[in-house]
Amino acid sequence: MAAKLNDSDLLELIMLDDVSAFEEIYERYSKSMFLFAMNIFKKKEVCEDIVQNVFIDFWTKRKKAKVKQLKPYLFQAVKYQVFNHIRNRKISDEDMTRLIIVDISMSITKKLEFDELQTIIKTHVDKLPTKCQQIFVLSRFEDKSNKEIALELEISVQAVKNQISKALAFLRKNMVMEEGVLYFIFLTSTL
C-alpha cells in the first residue's frame, strides 16, 4: 500500500506514527542518499552512518519537523550530517572540494549530474597554463600543502600561492553555465 503513495501522503502517515510509511521512505531514498554521501567521502562506513543518522533524526522529529517536500528535506539533512562530520573531524581538501561541488551542483541545477560537473571542472582545469595547472592539481586534488608543492617543484611558497590564486580566478571567471549564472566558486579554503 505505502509503495503506491506519493511523498506527501507518506509524510501525513509518518505524522500518525505509521511505521510502514517510514519504511517506504527509507526504501525510496536511502540508496540515493548513500550515493550522495559517497560522492563526498568515499568511505562506506561514514556514509552508512550519515544516512542512518538522518533517518533516526527524521523518525524522532517526525511530529515537530515541518517538512514540505520530502526529498529536498532528506538530502539537506544529509548535507547537515556531512557538515557535522567535517566540524568534528579533520577532512582533506579533496573531500571538501567534493562537498562543495556536490552542494553547488544540487542547489543550482538538478539536471546537471555530478559526473558531468566533474568533467566540466576538468575541462577548465586543463585550460590552465601548464605550471599553474600542475600546482593547482597538486594542491586541490592531491591534497599537498603549499610547502610540499614548493619543495617538490623547487619554487617558493609564495609562487605556489600566486599560481593557486591565478587558477582560482580563472575558474571563477570561466565556470559559467548556459543559464548565465556564475556556477562555481572553487574552494573556500585559504591559500
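This is a predicted model: local features need pLDDT of at least 70, side-chain atom pairs count only at pLDDT 80 or more; totals for chains, interfaces and linings use all residues.
Trainee: Is Met-33 buried or exposed?

Mentor: Met-33 counts as buried, because its relative accessibility is 0% and the buried class covers anything under 20%.

Trainee: Which residues is Met-33 in contact with, once its neighbours within four places in sequence are left aside?

Mentor: The contacts of Met-33 are Val-51, Val-54, Phe-55, Leu-74, Phe-75 and Val-78. Keep Phe-55 in mind, as we will come back to that residue when we reach the rings.

Trainee: How far apart are Met-33 and Cys-47 in sequence and in space?

Mentor: In sequence, 14 residues separate Met-33 from Cys-47, and their C-alpha atoms are 8.7 Å apart.

Trainee: Let us turn to H3. How many residues does H3 have, and what distance does it reach?

Mentor: Helix H3 has 17 residues and reaches 24 Å from its first C-alpha to its last, which is close to the 24 Å expected at 1.5 Å a residue.

Trainee: Now the rings. How many aromatic pairs does the structure hold?

Mentor: There are six aromatic pairs. One of them joins Phe-22 and Phe-55, with 6.0 Å from centre to centre and 85 degrees between the planes, an edge-to-face arrangement.

Trainee: Why does the pair of Phe-22 and Phe-55 tie together parts that are apart in sequence?

Mentor: Phe-22 belongs to helix H2 (residues 19-41) and Phe-55 to helix H3 (residues 44-60), so their pairing ties together parts that are 33 residues apart in sequence.

Trainee: Why is the pair of Phe-22 and Trp-59 edge-to-face?

Mentor: Read the angle between the planes. For Phe-22 and Trp-59 the planes are at 65 degrees and the ring centres 5.1 Å apart, so this pair is edge-to-face; the cut-off for that class is over 60 degrees. This pair also links distant parts of the chain, with Phe-22 in helix H2 and Trp-59 in helix H3, 37 residues apart.

Trainee: What is the accessibility of Trp-59, and what lies over its face?

Mentor: Trp-59 counts as partly exposed at 23% relative accessibility. Arg-62 lies over the face of Trp-59, 3.8 Å from the ring centre.

Trainee: Which residues do the ring pairs link into a cluster?

Mentor: The cluster holds Phe-22, Tyr-26, Phe-55, Phe-58, Trp-59 and Tyr-73.

Trainee: Finally, the charges. How many salt bridges are counted?

Mentor: The general idea is that side chains of opposite charge can pair when their charged atoms come close. In this structure the count comes to seven salt bridges. One of them joins Arg-28 to Asp-7, with the closest N and O atoms 2.8 Å apart. Arg-28 lies in helix H2 and Asp-7 in helix H1 (residues 7-15), so this pair ties together parts 21 residues apart in sequence. Arg-28 is partly exposed, at 27% relative accessible area, whereas Asp-7 is buried at 19%.

Trainee: How do Glu-24 and Arg-28 meet?

Mentor: Their side chains meet in a salt bridge, 2.9 Å from N to O. Glu-24 and Arg-28 are four residues apart in helix H2, a separation of about one helical turn. Glu-24 is buried, with a relative accessible area of 16%.

Trainee: What separates Asp-126 and Lys-122 in helix H6?

Mentor: About one helical turn, because these two are four residues apart in helix H6 (residues 114-126). Asp-126 and Lys-122 form a salt bridge with their closest N and O atoms 2.9 Å apart. Asp-126 is partly exposed at 42% relative accessibility, and Lys-122 is exposed at 52%.

Notes: Residues are numbered from 1 along each chain as its sequence is written. Side-chain values use heavy atoms; hydrogens and water are left out. Rings of Phe, Tyr and Trp (its six-membered ring) pair if their centres lie within 6.5 Å; planes under 30 degrees apart count as stacked, over 60 as edge-to-face and the rest as tilted. Buried means under 20% relative accessible area, exposed over 50%, partly exposed in between (1.4 Å probe, protein chains only). A charge sits over a ring if NZ of Lys or CZ of Arg is within 6 Å of the ring centre and within 35 degrees of the ring normal. The expected span of a helix is 1.5 Å times one less than its number of residues. A salt bridge is a side-chain nitrogen of Lys or Arg within 4 Å of a carboxyl oxygen of Asp or Glu. Contact means heavy atoms within 4.5 Å.
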